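This note sets out comments on the structure shown below.

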Amino acid sequence: MQHIKCSASVSDRDRNWNLRTLVKSAINLLPGTVTSLCFALLPETSWILSIVAGFLITALYQHVYLCVLRGFPRTFTFGEAAILVQGLIIFLLNAASRIYNYTMPATVTDFGQLNAVMQSALICLLLVCVLLTLLPRLRKPVPFYLLMGLLAVGVTCAPVTKPLPLIALLRFIFSDQKRLYIMVFYLLLVALTCATVSWQLGNSTQANTRVRKIFHLLIVLVYVPGLVYQCALLYIASGIALAIFVVLELIRLLKMPPFGATLAQAFESFKDVKDAGELALTPFCLLIGCSLPLWLTSCPCPTDGNPSLLMLLSGILSVGVGDTAASVVGSKFGRNKWKNSTRSLEGTVAFVVSILLSVWALEFVGVLTMTQAKWFATVFAALNSALVEAFTDQVDNLVLPLVFYILVGLA
């Protein structure tokens with residue numbers, strides 16, 4: 001009888017183990033299956049191609065995701081790493097599609113050329129980062145700066161456009177007088193940013209929340225005129241700014257003379273509580289968050305009007321306006337805290353009110369054309385984004401633009 005009971009117990013354990021293995025395998029296969037089904041919905045895509053592409057992309061995503069979490073401990077939360085890796089995979093797919101279309105005869109617009117320049121530059125920069133990871137010898141000053149020089153030559157002289165990227169970019173900039181004015185304005189803002197950093201470093205104190213929000217206001221001054229008057233210029237400028245951020249971060253992490261020490265000092269001065277790891281996450285997320293609507297929209301810069309302008313402003317409204325107002329008002333006047341949160345009710349109200357006032361001001365001056373549906377979507381997006389800002393433990397510069405972009409797109 002005891003032998004029979006032991007056999008039954010072993011059989012139950014085997015059955016439970018087999019069931020857990022089956023469930024675990026089904027869960028592991030679920031992302032690849034969903035991705036394959038999404039590919040199958042595309043026109044002129046076979047089931048075999050959909051299945052192969054779906055599972056390959058899922059395997060690549062999982063591998064890169066784990067590499068990011070292990071390579072940069074305490075830098076990303078699970079959600080932040082997921083957004084970062086998903087964006088990287090989408091960018092690579094987009095770039096691969098562009099390379100394929102480059103082999104096909106087609107009429108290329110100015111925006112198409114700018115897109116080609118930006119994507120090729122970021123791909124080259126990604127390859128440089130991989131080389132620096134795999135080859136430690138390149139992390140010394142002379143090889144590093146030689147590699148950066150080769151990167152600059154490759155980006156400006158690679159035959160991805162006709163004429164070459166540098167010539168195409170210069171022609172684009174100097175072909176419009178209004179574009180030149182915007183460029184001069186951008187250069188003034190860059191000088192003001194450098195002056196702000198220099199002033200803060202001279203104080204030898206840690207920057208508080210209100211000082212850090214100066215950069216939010218500066219990025220508002222960059223993106224609003226750019227989206228309204230020179231969308232294509234802003235598009236290429238956002239890619240260039242991202243590339244410059246990556247190069248500066250490489251110099252800081254590798255402690256490259258003569259700028260490494262100064263960059264490290266600036267990072268320590270402006271360091272946020274969420275910058276717990278090695279990477280300077282907050283400035284990257286601020287730039288990426290404001291640029292995400294521009295990068296995610298399929299045709300962000302039409303020649304005749306821009307019906308999706310409200311969506312393109314999602315990053316600026318949520319991070320540049322709402323989050324800034326919430327931080328300033330909350331830190332100065334916040335008395336009533338949300339339960340299980342360090343954020344205040346006053347800051348949340350300021351978040352919503354500032355966004356709605358900004359949208360109303362843009363409509364009043366004729367920049368935005370608002371309908372009843374758009375107003376409803378804006379109020380809904382502002383309320384939900386404010387609640388996310390109040391309770392999230394993710395980097396809000398990255399999360400808020402996505403939430404606002406998705407909800408305001410319902411209109």
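1. Confidence. The structure is a predicted model. Its mean pLDDT is 83, and 89% of the residues reach 70 or more. Confidence is lowest in helix H1 (residues 2-40), where the mean is 66, and highest in helix H14 (residues 345-364), where it is 93.

2. Overall make-up. The secondary structure consists of 16 helices and 0 strands. Of the 411 residues in the protein, 40% are buried. When contacts between residues at least 6 apart in sequence are considered, 68% of them join residues at least 24 apart.

3. Helices H8 and H11. The axes of helix H8 (residues 209-229) and helix H11 (residues 281-296) come within 11 Å of each other and cross at roughly 20°. Because angles under 35 degrees count as roughly parallel, H8 is described as roughly parallel to H11. The crossing of H8 and H11 is right-handed. On the H8 side the contact is formed by Phe215, His216, Ile219, Tyr223 and Leu227, and these meet Leu286, Leu287, Cys290, Ser291 and Leu294 in H11. By class, the residues of this contact comprise 8 nonpolar, 2 polar and no charged.

4. Helices H9 and H11. H11 also packs with H9: their axes come within 10 Å and cross at roughly 155°. Since angles over 145 degrees count as roughly antiparallel, H9 is roughly antiparallel to H11. The crossing of H9 and H11 is left-handed. From H9, the contact draws on Cys231, Leu234, Tyr235, Ser238, Ala241, Leu242, Phe245, Val246 and Glu249; from H11, it draws on Pro283, Phe284, Leu287, Ile288, Ser291, Leu294 and Trp295. The contact of H9 with H11 has 13 nonpolar, 2 polar and 1 charged residues. Leu287, Ser291 and Leu294 of H11 take part in this contact, and these residues are also listed in the contact with H8.

5. Helices H9 and H10. Helix H9 (residues 231-253) and helix H10 (residues 260-270) pack with their axes 8 Å apart, at an angle of about 100°. The two helices are therefore roughly perpendicular to each other. Leu248, Ile251 and Arg252 in H9 meet Gly260, Leu263, Ala264 and Phe267 in H10. The residues of this contact divide into 5 nonpolar, 1 polar and 1 charged.

6. The loop between H9 and H10. Lys255 counts as exposed, at 69% relative accessibility. Pro258 is also found in the loop between H9 and H10. A cis peptide bond joins Pro257 and Pro258, with omega at about 5°.

7. Two buried residues. Thr196 is placed in helix H7 (residues 177-203). With a relative accessible area of 10%, Thr196 is buried. Apart from its neighbours within four places in sequence, Thr196 is in contact with Ile214, Phe215 and Phe270. Phe215 is one of the H8 residues that meet H11. Ser327, for its part, is in helix H13 (residues 314-333). Its relative accessible area is 15%, and Ser327 is therefore buried, the cut-off being under 20%. Not counting residues up to four places away in sequence, Ser327 touches Thr209 and Lys213.

8. Two residues with greater separation in sequence from a named partner. Is Ala59 buried, exposed or partly exposed? Ala59, in helix H2 (residues 47-71), is partly exposed, with a relative accessible area of 41%. Ala59 and Gly32 are 27 residues apart in sequence, and their C-alpha atoms are 7.9 Å apart in space. Thr369 is found in the loop between H14 and helix H15 (372-391). Thr369 is exposed, with a relative accessible area of 61%. From Thr369 to Asn306 the separation is 63 residues in sequence and 9.9 Å in space, C-alpha to C-alpha.

Definitions and conventions
Residues numbered from 1 in each chain as written. Predicted model: local features only at pLDDT ≥ 70, side-chain atom pairs only at ≥ 80, totals over all residues. Heavy atoms only, no water. Axes fitted to C-alpha atoms, helices over the stretch in contact; angles between N-to-C directions. Helix = DSSP H or I, 4+ residues; strand = E, 2+ residues; numbered from the N terminus. Parallel < 35°, antiparallel > 145°, perpendicular 65-115°, else oblique. Left-handed = near helix turned anticlockwise from the far one by under 90°. Contact = heavy atoms within 4.5 Å. Nonpolar A, V, L, I, M, F, W, Y, C, P; charged D, E, K, R; others polar. pLDDT = per-residue confidence, 0-100. Buried < 20%, exposed > 50% of the residue type's maximum accessible area, 1.4 Å probe, protein only.
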